[in-house]
Amino acid sequence: MMKNLNVYSFSKSDVTRHIVIDHSVIIEELVTETIGRLLEIDCNTSKALGPVSGGLSFHQKTLLITDKFGEIGNKSKKIIAFYQIRNKFAHLTISTWTDFFSISDTYKKIEKDLNIWYDKEENNETSYENKVRLLYFYLTREIFYFLIEINKDWAVNKGRKIAENDIKQKLFELTIENPSEDIRKVWNQIKEELS
């Protein structure tokens, strides 16, 4: 059992493979929703993003995110590492972090990266598996927050565009209603209505 509270876990399981799969399902859904918002596609009816066979794979979706946002503080490397972890843990032969890192030097490098990326995070775990699990939780949390930030920025920009259009429309309507009015009076009326 981990010493640290599982506050970073999106899983109710204590089995490493289940944790990885549970986390990847949540992140993949958030990636899908994010891409849908950015492209203004309904994920429920989309052939590419929807839950139909032949749609984009999780890997392809993560590539779209990294294509869109590029190298933002190692984010693309972290998303790719997350995808690689998910991909290997989906196989029945991989059930522990030791199994995962022993596959090849590529996966051994992920262990080194996790230790570098989260060296300042608290990790008082004594067992190797739990130490790595906590590093994985930090990775998941960072990707989750990154995707939330993208969605927040999208919502702010969308709200800004709606507000700009509303103000333009209101100014236009008031000017048509009062063509002889001083434009400053019309603008003051809009400001009063917005207050």
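Is Glu 142 buried or exposed? With a relative accessibility of 18%, Glu 142 counts as buried, since buried means under 20% relative accessible area, exposed over 50% and partly exposed in between, with a 1.4 Å probe and protein chains only. The structure is a predicted model, in which local features need pLDDT of at least 70 and side-chain atom pairs count only at pLDDT 80 or more, while totals for chains, interfaces and linings use all residues. Residues are numbered from 1 along each chain as its sequence is written, and side-chain values use heavy atoms, with hydrogens and water left out.

The overall picture comes next. The protein chain has seven helices and zero strands, where helices (H or I, at least four residues) and strands (E, at least two) are DSSP runs numbered from the N terminus. Of the 195 residues in the protein chain, 35% are buried. The chain exposes about 12,000 Å², and carbon and sulfur atoms supply 54% of that area; accessible areas come from the Shrake-Rupley method with a 1.4 Å probe, and for residues only the protein chains shown count as cover. Among contacts with a separation of 6 or more, 60% are between residues 24 or more positions apart, a contact being heavy atoms within 4.5 Å.

Now to the interior. A nonpolar core is a set of buried Ala, Val, Leu, Ile, Met, Phe, Trp, Tyr and Cys residues joined through side-chain atoms within 4.5 Å. The largest one here has 36 residues, and those with the most contacts inside it include Ile 85, Trp 97, Tyr 136 and Leu 147. At least two residues of this core come from each of H1 (16-39), H2 (58-69), H3 (75-89), H4 (97-101), H5 (105-117) and H6 (128-177). Helix H6 gives the most, with eleven residues. Beyond its neighbours within four places in sequence, Leu 147 is in contact with Ile 27, Leu 30, Val 31, Thr 34 and Ile 65.

Glu 142 also has its place in helix H6. Its side chain is joined to that of Lys 78 by a polar contact of 2.9 Å. Such a contact is a pair of N or O atoms within 3.5 Å; within protein, one must be able to donate a hydrogen and the other to accept it, and residues adjacent in sequence count only if both atoms are side-chain atoms. Not counting residues up to four places away in sequence, Glu 142 touches Lys 75, Lys 78 and Tyr 118.

Rings of Phe, Tyr and Trp (its six-membered ring) pair if their centres lie within 6.5 Å, with planes under 30 degrees apart counted as stacked, over 60 as edge-to-face and the rest as tilted. The count comes to 13 aromatic pairs. Phe 89 and Trp 97 form an edge-to-face pair, at 5.0 Å centre to centre and 65° between the planes. Trp 97 counts as buried, at 1% relative accessibility. The ring centres of Trp 97 and Phe 101 are 5.9 Å apart and the planes are at 25°, so this pair is stacked. Trp 97 and Phe 101 are four residues apart in helix H4 and therefore separated by about one helical turn.

Val 132, in helix H6, is in contact with Trp 97 and Phe 101, leaving aside neighbours within four places in sequence. Val 132 counts as buried at 3% relative accessibility.
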